[in-house]
Structures are given as structure tokens and as C-alpha cells.
Amino acid sequence: MIHVGIAIAILMGSLLLGVSIPFAFGAGTIYMYTMLGGTFATTLPVGFNGINTMVLLAIPTFIMAGGFLAGFVDSIAGGGGLISLPVLLAAGLPPHLAIGTNKFSATFGAVMSAWQFWRAGKVDMSLLKRILPGTFIGAILGCLVMLHLKSEWLQPIIIIALIAAAVFVFSQRQLGAASTYSGNTRKNVLAALVMASAIGFYDGFIGPGTGTFLIVGFAALGFDFVTAAGNAKILNLMSNVTSFVLLIWWGQILYVYGIAMALCIFAGAFFGSRLAIRRGTGFVRLVMLAVTVVLIGKLGLSYFGIM
């Protein structure tokens with residue numbers, strides 16, 4: 001844990017000194033990588049005893065590369081958990097620890113993405129302030145249910161919902177192309193609150209595809225895809241932080257893996273969100289459709305026992 005603390009200190013100290021964000025997370029990441037050769041050896045799950053040096057060094061590389069890609073994709077269109085969770089499972093974490101560690105790491109990417117979209121003025125805080133409590137309550141309930149129920153029964157529903165979302169976005173060519181949002185009327189706020197609560201529950205319970213569902217939901221309300229993505233990042237941050245705190249309290253996080261991945265998710269989210277803001281709605285729509293198709297394929301194969 002001392003290496004984790006030093007890495008965080010390097011990251012925060014670099015930011016406070018005013019150096020660039022890429023340099024800050026780069027310094028923290030390099031330190032973690034160089035020190036993890038020993039740290040990973042003492043924290044590997046059962047089954048990794050006797051692992052050779054090459055494989056040992058490959059583990060932090062694998063986790064960090066997966067984290068960067070997950071943060072990059074998730075900041076644009078959601079679905080980063082499709083990458084980061086399998087990476088942690090492949091690294092040898094048992095499922096409950098993988099889910100908790102993934103949520104811990106994803107929170108750092110959510111902070112970066114939300115901040116980038118907020119700074120660019122691509123969020124509707126007037127609406128979000130009214131619906132954030134729904135996300136908070138939904139995420140708590142989802143986490144509580146996760147501890148007592150298996151998620152397998154939800155998979156067919158999730159697959160059908162993702163297919164419906166993809167068909168809806170693909171068939172509605174003008175969806176998200178420009179803002180047609182009619183303001184914070186009672187009907188719009190109520191619809192957004194129901195959506196935020198339901199997706200917050202889903203995020204606390206299982207997670208993959210949360211950002212994608214939120215983007216589609218906000219686009220359906222009339223927001224352009226870039227602002228829809230910005231709104232989604234703020235709500236996703238709320239549900240992530242809620243789950244993050246509960247999972248820390250319940251001891252469901254392996255910190256040495258989580259911090260290593262978090263630094264790189266932070267990096268990926270920095271570059272991904274900037275690219276989304278710069279490239280605009282057409283780019284976000286295209287990436288979101290691609291991520292949705294991959295999510296459908298992955299969840300479908302998993303449901304039928306192929307993956």
C-alpha cells in the first residue's frame with residue numbers, strides 16, 4: 001500500500017504544481033509500473049504462486065493498457081467496463097473483487113470525463129441538479145441488490161435493450177445531430193428523473209453499457225450527442241462515486257490493481273473526452289453505435305456460454 005500512496009502523492013503533487021495533466025498521470029503511472037514488480041508478487045490472487053518474471057511484468061502492462069483503452073472509449077460513448085472488467089478477470093481476480101476494483105478504477109475516469117465536458121460547457125447543470133438524487137438512490141439500491149442476487153437473469157433484458165437502443169439510434173438519423181430539447185418542463189424533468197434512477201440502479205447492480213444507455217436517453221430527450229455525452233458523464237460520476245464508497249466500505253477492492261488501472265483510465269478519459277468534444281456529434285454517434293454492437297456481441301456470447 002505504501003507504493004499506492006506514493007503514486008497518488010506524485011499525481012496530486014504534480015497537478016498542484018501546475019504541470020500538465022498528461023505529465024501528472026504519467027509520473028504516477030511510471031512509478032507504479034516500476035514498483036509493481038514487487039508489489040504484485042505479494043498481492044497476486046491464489047494460483048499465481050511461482051509465476052515467472054516475464055509474466056509478472058506483463059500483468060501491470062496488461063492492466064494499464066486495458067485501463068487506458070477502457071477510459072478512452074468510455075469517455076466518448078460509454079462501454080469502458082466491457083474492456084476493463086474482462087482485463088481484471090483475466091489478471092486472476094475473483095468476480096466480486098473484479099467488479100469492485102473495476103468500479104474503483106472507473107471512478108477516476110468518470111471524474112476526468114465529467115470535468116472535461118463541464119469545462120467545455122457541454123452539460124445542462126440545471127437539469128442535472130434535479131435528477132442527480134435519483135441516480136444516487138438508484139446506485140445504492142443497485143449495490144445492495146448486487147450483494148444478494150446474481151446478475152445472469154438480467155442479461156437477456158440488457159441484450160434486448162441494447163439492440164433496441166442501437167436500432168433506435170441507427171433509424172433516427174437526426175437523433176442527437178442538433179439540440180431540440182424543449183427545456184426543463186415538468187414532463188422532461190420527470191422523464192429524465194425516471195431514466196436517471198433506473199440507469200443508476202443498473203450501474204450499481206452490474207454496470208456494462210451504463211454510459212451508452214445514458215447517452216441514448218439524453219439524446220431521446222432532445223440533446224445533441226455531445227451534450228448528451230456530457231450529461232451522461234455527470235450522472236455516471238454520481239453512480240460511480242456512490243458505488244465506489246460502498247465497495248470500499250465492504251472491502252471489495254484490490255487496491256494495487258485498482259490504482260494501476262485507475263491511473264491509465266484517467267489518462268484515456270483525458271484524451272477521449274477531448275477528442276469527442278473536438279470531433280462533435282457525428283463522431284460520438286459513430287463510436288456509440290460501434291460500442292453498442294460490441295456490447296451486444298459480448299453479452300450475447302457470454303449468455304450462451306461461448307465466452
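Which residues is I76 in contact with, leaving aside its neighbours within four places in sequence? That was my opening entry, and I looked it up in a predicted model.

**Entry: I76**

I found I76 in helix α3, which covers residues 53-77. Its contacts beyond the near neighbours in sequence are I215, A229, K233, G272, L275, A276, F283, V284 and V287.

**Entry: α11 and α12**

Several partners of I76, including L275 and F283, turned up again here. I looked at how helix α11 (residues 255-279) packs with α12, and noted an angle of about 125° with the axes 6 Å apart. That angle makes α11 oblique to α12. On the α11 side I listed L275, A276 and R279, and on the α12 side T281, F283 and V284. Sorted by class, this contact has 4 nonpolar residues, 1 polar and 1 charged.

**Entry: Y303**

I stayed with helix α12, residues 281-303, to look up Y303. Y303 has 40% relative accessibility and therefore counts as partly exposed.

**Entry: α4 and α5**

Next I turned to helix α4 (residues 81-90) and helix α5 (residues 95-119). They pack at an angle of about 135°, with 9 Å between their axes, and are therefore oblique to each other. I noted the crossing as right-handed. Which residues make the contact? From α4 I wrote down G81, S84, L85, L88 and L89, and from α5 P95, A98, I99, T101 and N102. The contact of α4 with α5 holds 6 nonpolar and 4 polar residues, with no charged ones.

**Entry: confidence**

The protein chain has a mean pLDDT of 77, and 76% of its residues reach 70 or more. Over residues 1-55 pLDDT stays under 50, although the model has 80 contacts beyond four places in sequence for that stretch. Where pLDDT is low, the predicted coordinates should not be read in detail. I have left the contacts of residues 1-55 as a count in my notes.

Key:
Residues numbered from 1 in each chain as written. Predicted model: local features only at pLDDT ≥ 70, side-chain atom pairs only at ≥ 80, totals over all residues. Heavy atoms only, no water. Axes fitted to C-alpha atoms, helices over the stretch in contact; angles between N-to-C directions. Helix = DSSP H or I, 4+ residues; strand = E, 2+ residues; numbered from the N terminus. Parallel < 35°, antiparallel > 145°, perpendicular 65-115°, else oblique. Left-handed = near helix turned anticlockwise from the far one by under 90°. Contact = heavy atoms within 4.5 Å. Nonpolar A, V, L, I, M, F, W, Y, C, P; charged D, E, K, R; others polar. Buried < 20%, exposed > 50% of the residue type's maximum accessible area, 1.4 Å probe, protein only. pLDDT = per-residue confidence, 0-100.
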